[in-house]
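The following paragraphs lead through a structure one chain at a time, and then turn to the place where the chains meet. Please keep the sequence and the 3D view open while reading.

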Amino acid sequence: MTPVTPHAGTFETWATILTVALTAIAGDVLTAGAMRRIGDLDDIRAHSGILGAIKAVIGSKMFLLGVLSMALSFFSLLFTLSKVDVSLAAPASASLTFIGNAAAAKIFLHENVDRRRWLAALFVCAGVILLSK
Amino acid sequence: MKHTLSPQRYLILLAVMLTASVGDTLLSHGMTQVGPVSLHHLGTLFIALRNPWVIGGIVLLLGFFASYLTALSWADLTFVLPSTAFGYVVVALLSRFWLHEHISAYRWAGIILIVCGVGFVANGPSLTEHPHADDAQ
């Protein structure tokens, strides 16, 4: 079978990459929010054992929504890779996810995203782009 | 309360970094042995599940998810995520020193940037204090 070269217009390229990033951000923030509500898993495991910890995690609707978003992100990445070169799609979606997560963590999780954490997100974002070269 | 991490929790973060990157590498190695999977032959995916490299990769990725969730239960998302990015560095170093692949100057620069990024957050507090955290329970 002859491999098909991915091709998509500029709008479609960035719309699909943005979809991957947004669903990944939603997945990360929902999962992190769920774990914050559930509490320290080490403590839960100490009191209720590993099964108690698993039950606490799986019983959280927010966690399940987060996993659903992560699954959507995975499938939208597969869709994107069928239309956009991996050398653009992978680093662009990963970088956007890092920056978007910093903003979303500040807005939705009320994390203290200080200058140090913004710098970390920017450095990691630039590093991911360079790694794909 | 100062949110610094115990050695055991640093080990969990180390597990987050290593299981994701090594798991991806094992999956990649296994899938090259299985061969290309097309939409018309999705049954190949079930054959892939019998490949020991793919099984090892899946086990490690399950370990990644468990350690990632554990880390998120006592640390901020913006603290944990740069740690997961450190996995990219692990993969690059594995490919250089184990698989003897060439790493370009761009990639070395990328590795240095990610190490710096992880260093920025590693020195700071791991968790944001919320004065009314109990209200959210």
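The secondary structure of chain A comes to five helices and zero strands, where helices (H or I, at least four residues) and strands (E, at least two) are DSSP runs numbered from the N terminus. This is a predicted model, in which local features need pLDDT of at least 70 and side-chain atom pairs count only at pLDDT 80 or more, while totals for chains, interfaces and linings use all residues. Residues are numbered from 1 along each chain as its sequence is written, and chains are lettered from A and ligands numbered from 1 in the order in which they are written.

Followed along the sequence, chain A reads α-α-α-α-α, and its C-alpha trace spans about 55 × 40 × 25 Å along the principal axes. Two residues are taken to be in contact if their C-beta atoms, placed from the backbone, lie within 7 Å; of the contacts in chain A with a separation of 6 or more, 78% are between residues 24 or more positions apart. Of the 133 residues in chain A, 41% are buried, a residue being buried if 20 or more other C-beta atoms lie within 10 Å of its own, exposed if 12 or fewer, and partly exposed in between, again with C-beta atoms placed from the backbone.

One backbone detail in chain A deserves a look: A:His110 is not a glycine, yet it has a positive phi of about 55°. A:His110 sits in the loop between helix H4 (86–108) and helix H5 (115–131) of chain A, and it is partly exposed, with 13 other C-beta atoms within 10 Å.

Turning to the interface, 33 residues of chain A are in contact with 30 residues of chain B. On the chain B side, the elements that give two or more residues are H3, helix H4 (77–97) and helix H5 (105–122) of chain B, and H5(B) gives the most, with eleven residues. This side of chain B divides into 18 nonpolar, ten polar and two charged residues, where Ala, Val, Leu, Ile, Met, Phe, Trp, Tyr, Cys and Pro count as nonpolar, Asp, Glu, Lys and Arg as charged, and the others, Gly among them, as polar.

As for confidence, the model scores ipTM 0.82 and pTM 0.80. The pLDDT is the predictor's confidence in each residue, from 0 to 100; its mean in chain B is 81, and 91% of the residues of chain B reach 70 or more. Over residues 133–137 of chain B the pLDDT is below 50, and this stretch has two contacts in the model beyond near neighbours in sequence. Where pLDDT is low, the predicted coordinates should not be read in detail.
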